[in-house]
Amino acid sequence: MDRLKATARLMIVSDLDHTMVDHHDPENMSLLRFNALWEACYRNDSLLVFSTGRSPTLYKQLRKEKPMLTPDITIMSVGTEITYGTTMVPDDGWVGVLNQKWDRNIVTEEAGKFPELTLQSETEQRPHKVSFYVDKANAQNVTKVLSEIFAKRGLDVKIIYSGGMDLDILPQGAGKGQALAYLHKKFKTEGKLPANTLVCGDSGNDAELFSIPDVHGVMVSNAQEELLQWHAENAKDNPKVIHATERCAAGIIQAIGHFNLGPSASPRDITNLSDCESENVSASSEIVRFFMFYERWRRAEVENSELYLASVKADCDSSGILIHPSGTELSLCDAINGMRSYYGDKQGQKFRVWVDRVLSTQTGLDTWLVKFNKWELSAVNRVEEPLELDLLRRVTNRSTTTDLLYSDLGLESYSGIVSGATPSMHLTEFLEVVLENLCWQSGDDQQGCVITCIINMKKDGVSGATYMHVHETWLEGSGGAKDQSTWLF
């Protein structure tokens with residue numbers, strides 16, 4: 001990872017579903033709280049790693065649905081794929097490690113002989129991962145017998161059961177823990193082993209993360225039984241591993257504070273934004289503070305007061321220019337004045353704003369060049385997640401149909417709502433259809449732009465920072481805002 005020239009102050013390695021991302025939090029507030037903390041206090045000198053069981057296809061799909069940050073490193077497919085940066089460059093050295101004593105053809109041949117196993121969708125089958133659904137009652141026995149068969153055929157594999165229904169077969173050298181150990185070894189060779197590493201998880205396939213020497217670990221409050229049992233049997237006396245009292249990303253924030261790894265007060269937890277002012281003001285924290293105000297202004301969560309706008313204008317150079325993504329130029333003060341007519345236009349709506357990849361470079365004694373991605377999420381008319389994605393993922397592999405399930409739950413059939421679903425479809429087939437559709441419209445409710453700005457940190461402004469110039473361009477693939485007149489910053 002070449003972004004940091006020095007040792008990372010902190011490396012967070014987090015699972016996604018039900019750890020970083022809370023599928024029971026419709027406002028995504030715990031995730032947004034983490035985002036604000038990371039970008040204000042950690043992005044410039046720390047590393048964010050997402051370690052997920054999702055394939056690249058489903059990982060990218062999740063990014064379209066949730067207000068997620070861009071990680072420095074992405075570990076996917078239960079530790080069988082490691083990629084770097086925004087372009088997700090694969091680690092070829094890791095591929096070489098995984099090829100040892102691995103034969104995918106033998107794995108699929110032998111596993112295919114078990115009627116208890118149902119093959120997952122094609123997107124979840126990867127070069128070093130073969131994935132099935134299995135009933136919880138059969139999981140232990142199937143795992144034991146399969147392990148013996150593979151050993152007799154000369155393969156060195158591991159079988160991971162997680163989520164109450166997922167069974168993944170991987171090379172023995174694969175897994176979330178081994179992938180992290182590989183990264184640690186790589187960083188150590190380069191003389192850049194992070195000062196602290198915090199691992200975060202909720203399910204069985206995260207257990208290996210907590211076994212890596214010298215890491216801090218947090219099992220979020222909503223951790224599943226399989227992970228809690230592993231902890232009780234293997235790490236209950238390890239003071240560096242805690243079971244948080246907070247769910248998902250809120251539990252990660254709690255762990256940062258518990259282990260004294262750095263600041264743990266998210267800017268989003270501050271009701272009065274004037275309280276954000278402190279000795280630790282930086283270009284990054286100022287960016288986060290401004291867009292929190294912008295979101296709250298449009299949601300009418302702050303008072304409609306000229307004092308607020310006057311305070312923001314005081315942080316803008318009188319000759320400062322804003323270049324809108326459309327190419328229109330206007331003064332920064334005029335742009336702030338234009339906010340008057342948009343007060344509360346998003347009140348009561350699922351409107352959220354977050355910034356990502358806030359990277360600042362000092363270009364003069366008091367001058368900083370800051371570049372980042374800014375995103376807006378607005379709710380659109382769409383079908384809600386049927387039974388919630390969590391329930392659908394945890395439906396066991398049983399011989400029933402979608403109609404029977406709906407009848408049991410007192411629901412109408414979704415066959416006419418979910419594209420590709422049929423009334424008598426087997427539940428596992430229905431799962432695949434829903435995972436493809438997710439009942440969300442391909443992230444159409446997210447718009448983003450790249451913002452480059454020059455900030456003077458002489459502390460002459462109200463916040464201690466003065467905006468000199470702001471230039472916005474639409475993010476590639478974002479398509480721009482549907483109504484560009486409401487895209488202010």
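1. A quick definition to start: helices (H or I, at least four residues) and strands (E, at least two) are DSSP runs, numbered from the N terminus. With that in hand, the chain comes to 14 helices and 18 strands.

2. Some ground rules before the details. This is a predicted model, in which local features need pLDDT of at least 70 and side-chain atom pairs count only at pLDDT 80 or more, while totals for chains, interfaces and linings use all residues. Residues are numbered from 1 along each chain as its sequence is written, and side-chain values use heavy atoms, with hydrogens and water left out.

3. How much of the chain is buried? Buried means under 20% relative accessible area, exposed over 50%, and partly exposed in between (1.4 Å probe, protein chains only). Buried residues make up 56% of the 489 residues. As for contacts (heavy atoms within 4.5 Å), take those with a separation of 6 or more: 69% of them join residues 24 or more positions apart.

4. Now look at strand β17, residues 446-456. Nine of its 11 residues are buried. Two strands pair if DSSP finds at least two bridges between them, and β17 pairs with strands on two counts. With β16 (residues 367-377) the sense is antiparallel, over 11 bridges, and K371 stands opposite T452 there. With β18 (residues 466-474) the pairing is also antiparallel, over eight bridges, and V450 has T473 as its bridge partner.

5. Next, the nonpolar cores. A nonpolar core is a set of buried Ala, Val, Leu, Ile, Met, Phe, Trp, Tyr and Cys residues joined through side-chain atoms within 4.5 Å. The largest one has 39 residues, and I287, F291 and F489 touch the most other members. Helix α9 (residues 283-298) gives this core its largest share, nine residues. Another core lies apart from it, with 36 residues, including V21, F50, M76 and W354. In soluble globular proteins, nonpolar side chains tend to be buried together.

6. What does F291 touch, leaving aside its neighbours within four places in sequence? The contacts are V353, V355, F372, K374, I451 and F489. F291 also belongs to a cluster that ring pairs link up, together with F290, Y294, F372 and Y467.

7. On to ring pairs. Rings of Phe, Tyr and Trp (its six-membered ring) pair if their centres lie within 6.5 Å; planes under 30 degrees apart count as stacked, over 60 as edge-to-face and the rest as tilted. The count by this rule is 13 aromatic pairs. Take W94 and Y182: their ring centres are 4.9 Å apart and their planes are at 45 degrees, so this pair is tilted. W94 lies in helix α3 (residues 92-98) and Y182 in helix α6 (residues 176-189), so the pair ties together parts 88 residues apart in sequence. W94 counts as buried at 2% relative accessibility, and Y182 does so at 18%.

8. Compare W354 and W375, with ring centres 6.3 Å apart and planes at 15 degrees, so this pair is stacked. W354 lies in strand β15 (residues 352-362) and W375 in strand β16, so the pair ties together parts 21 residues apart in sequence. Both are buried.

9. Most residues other than glycine have a negative phi. A300, though not a glycine, has a positive phi of about 60 degrees, and it lies in the loop between α9 and α10 (306-314). N28 has a positive phi too, near 55 degrees, and sits in the loop between β1 (11-14) and α1 (29-41).
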